[in-house]
Amino acid sequence: MRDVAVVGLGMTPFGELWQHSLRSLSVEAALEAMRDAGADMLDGVYLGNMAGGQFVGQEHLGPLLADHLGMRGVPVTRVESACASGGVALRSAFFEVASGASDLVLAMGVEKMNDGADATNVLATAADQETEAYHGITFPGLYAMIARAHMAEHGTTLEDLAAVSVKNHRHGARNPKAQFRQEVTLEQVMASSLVADPLRLLHCSPVSDGAAAVLLCPLDRAKEFTDRPVKIRASGMATSSMALAERRDPAFLDAVSLSGSRAYHMAGLGPADIDVAEVHDCFSIAEICVIEALCFAEQGKGGAAARTGETALGGRLPVNPSGGLKSKGHPVGATGIAQVIEIVEQLRGEAGERQVQDARIGLTQNMGGSGGSSVVHIFERV
Amino acid sequence: MAGIVGYGAFIPRNRIKSEEIARQWGKDPAAIRRGLLLEEKSVPGLDEDTITISVAAGRAALERAGIDPQRVGALYIGSESHPYAVKPSGTVVIEALGIGPDVHVADFEFACKAGTEAMFVALSLVESGRVDYAMGIGADTSQGAPNDALEFSASAGGAAYLFGKQHLLVDVLHTYSFTTDTPDFWRREGEFYPRHTGRFTGEPAYFRHVGTATRTILERSGLTPKDFRYVVFHMPNGKFPQAVGKELGFTKQQLETGWIVPKMGNTYSGSSPTGLAAVLDVADPGDLILVTSFGSGAGSDSFVLKATELLPERRGRAPTVRSMLDGPRRYLTYGEYVKYREKIIVNE
């Protein structure tokens, strides 16, 4: 396999973008990534999107994108793995370039969630329909059960959960593209409206619109497009049981653990080598479980990480310097690519007020559903 | 110059508290108070509807004007809850008020903006010289589906404005309307309750239209927020008018007199007209007043008004808005509320 580099970045602001459509967001992000790299042609595109058909009634996104990008003829593959669609799009693009089949491939993601659809119901289609969704449970409910299990098994507290939101909002306040650029206090989080006990409104990522794109090419051609290429060291993906009830331990995300081990193995690196990470904090409890599954924290001890500042900017291992899904926003199909953009900016040293000093190795973790799928990538400054 | 020669408002005595509604649905009342800034809302009695509210408000407007009702040449009622789908509300109202039959009457609908729309047309007819006096009314017994956020706000009440050219209580200095096709809230024929698009009703609907209409009327009149003593914005909840006021550079002091929504609720077409009536109840001669309504669909009407020397001596002729908000009230249980709102299925 050839080495692969990220050479171009493009991302719309995230938020309630009432004046923007699925197609306009996709085109904006794709063009920005190509412009960033100075590229004027593409060999292919992988487009991550969870539910265009349900959110805005639009499927068949491949030709739609190629057409409106002014690039009819280019192959575009739409990739779906619920909220991990973006991360899996990157993985697909990575292997296409690594295999030698293509040189210039765009990996991108988009979701237009604010257009009248009931987002909670649409998202619930990423749960097991027969054993979960039909019985009425929604994602806040599933993650609330994960939180309850974590609290019962490991003594994780409500303050631990709230501290994740406080930290991510503090980071996101410094991100010009974030949906919520304001800090929140522990008290505000703990007094916000109850959504699914013990999760409150400020434990939950928002419903967002947005798109993100990264341009990949073989590492040996990277200098044609950028002075600061970032190499993709590894891609690891795993699946787990679709239904939460089937998990050996509901408080442990085994797909995250397995995707992480595969990525660490492929990179020849371990958790201690990571300087900065973007992980899937769709709910505050998710970040706690993910950092445990990736061995950034000991199992059962992830709750303390945000509270003690270990995972904050300036801490031992900054997690979600972008603000994470919580503060930056979570247009589900775009999230996995937006995480990559943050890590590449960190490794390029272009993260401004959010910069992690001397970051050389970064990791992204993107999750589908309640942890039924997970994809991890490791990046290195070259 | 044409202006307001009489005004009147009416708010039913029945009330239900936000806590009582929240309790029914297992919602957190503190979150409603904090999030929507709503404490209680008015509820129509079994014998109260848009027509009775219009009559009560219209009568008060005629009292303050002190004119012969026969001289009123046009009457328009804006409402989302005209009792009949086909048959005008206005015909009953003119008969009850002693107006006509030499009169032009129409019922208007433009979601929550229909009241100021009626005022706008009434004013224009007087300005044109076609009629001596014209009345514009905004009144509603607003609908909100059970367990919808609207259930905490949708309330009953309204206000009437009589326009003429002599003995003005209030000069109308400027008007401006801003309208686009923005479908944020609707109720189709035969449906009981309006539907809305959640947060889409905020930024692209309410805030864009109220903001643009207000900014434009300020620009065209050469006035700034500081020039006004009072400002009234449409009040779908407590929060929106405060937020738009802050964004436009108005202070809480300028807003608070007309900001009657925490105790009254949202009387839809009657909302900003009743807020204006509360301001006229206390304004001093020379005070400048800005009103911007909002109707989903969507549009906003803005008015720049100036109180005259005559206003203080005429307002005592009819009850004030505050006297109806703070006066005798009857608090309903949720059960009584659903009975009064005819949400219980009974045999004929």
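In chain A of this predicted model, strand β2 (residues 44-48) and strand β3 pair in the parallel sense over 4 bridges, where helices (H or I, at least four residues) and strands (E, at least two) are DSSP runs numbered from the N terminus, and two strands count as paired if DSSP finds at least two bridges between them. Within this pairing, Leu47(A) has Arg78(A) of β3(A) as its bridge partner. Strands of a sheet pair through backbone hydrogen bonds, either parallel or antiparallel. Residues are numbered from 1 along each chain as its sequence is written, while chains are lettered from A and ligands numbered from 1 in the order in which they are written. Local features need a pLDDT of at least 70, and side-chain atom pairs count only at pLDDT 80 or more, whereas totals for chains, interfaces and linings use all residues.

The two strands belong to an open sheet of 9 strands in chain A, with the order β3-β2-β4-β7-β1-β8-β11-β10-β9 and mixed pairing. At its edges stand β3 (76-79) and β9 (276-278) of chain A, each with a single partner strand, so one side of each has no neighbour in the sheet. On average, and with direction ignored, neighbouring strands of this sheet are turned by 25° against each other; angles here run from 0 to 180 degrees between N-to-C directions, and axes are lines fitted to C-alpha atoms, for helices over the stretch in contact. Helix α3 (residues 61-68) of chain A lies across β2 and β3 of chain A and runs at about 130° to β3(A), with two residues taken to be in contact if their C-beta atoms, placed from the backbone, lie within 7 Å.

Chain B also has an open sheet of 9 strands with mixed pairing, in the order β5-β4-β6-β7-β1-β8-β13-β12-β11. Its edge strands are β5 (104-108) and β11 (230-233) of chain B, each of which pairs on one side only, and the twist from one strand to the next averages 20°. Inside this order, strand β8 (residues 170-182) of chain B and strand β13 (residues 297-307) of chain B pair in the antiparallel sense over 10 bridges, and Asp171(B) stands opposite Lys306(B) in β13(B). Helix α6 of chain B lies across β8, β11, β12 (288-292) and β13 of chain B, and its direction makes about 140° with that of β8(B). Helix α10 (residues 271-280) of chain B also packs on the sheet, where it touches β1 (3-10), β6 (133-141), β7 (156-164), β8, β11 and β12 of chain B, and it makes about 65° with the direction of β7(B).

How do helices pack against one another? Two packed helices are described by the angle between their axes and the distance between the axes. Helix α6 (residues 202-221) of chain B and helix α7 (residues 239-248) of chain B pack at about 45°, with their axes 10 Å apart. These two helices are therefore oblique to each other, given that angles under 35 degrees count as roughly parallel, over 145 as roughly antiparallel, 65 to 115 as roughly perpendicular and the rest as oblique. The contact is made by Tyr206(B), Phe207(B), Val210(B), Gly211(B), Thr214(B) and Arg215(B) of α6(B) together with Phe240(B), Val244(B), Glu247(B) and Leu248(B) of α7(B). By class, this contact of α6(B) with α7(B) has 6 nonpolar, 2 polar and 2 charged residues; Ala, Val, Leu, Ile, Met, Phe, Trp, Tyr, Cys and Pro count as nonpolar, Asp, Glu, Lys and Arg as charged, and the others, Gly among them, as polar.

Some backbone positions deserve a separate look. Most residues other than glycine have a negative phi, and most peptide bonds are trans. In chain A, a cis peptide bond joins Asp197(A) and Pro198(A), with omega about 15°, and Pro198(A) is found in the loop between β5 (194-196) and β6 (199-200) of chain A. In chain B, the peptide bond from Gly297(B) to Ala298(B) is cis, with omega near 10°, and Ala298(B) lies in strand β13 of chain B.
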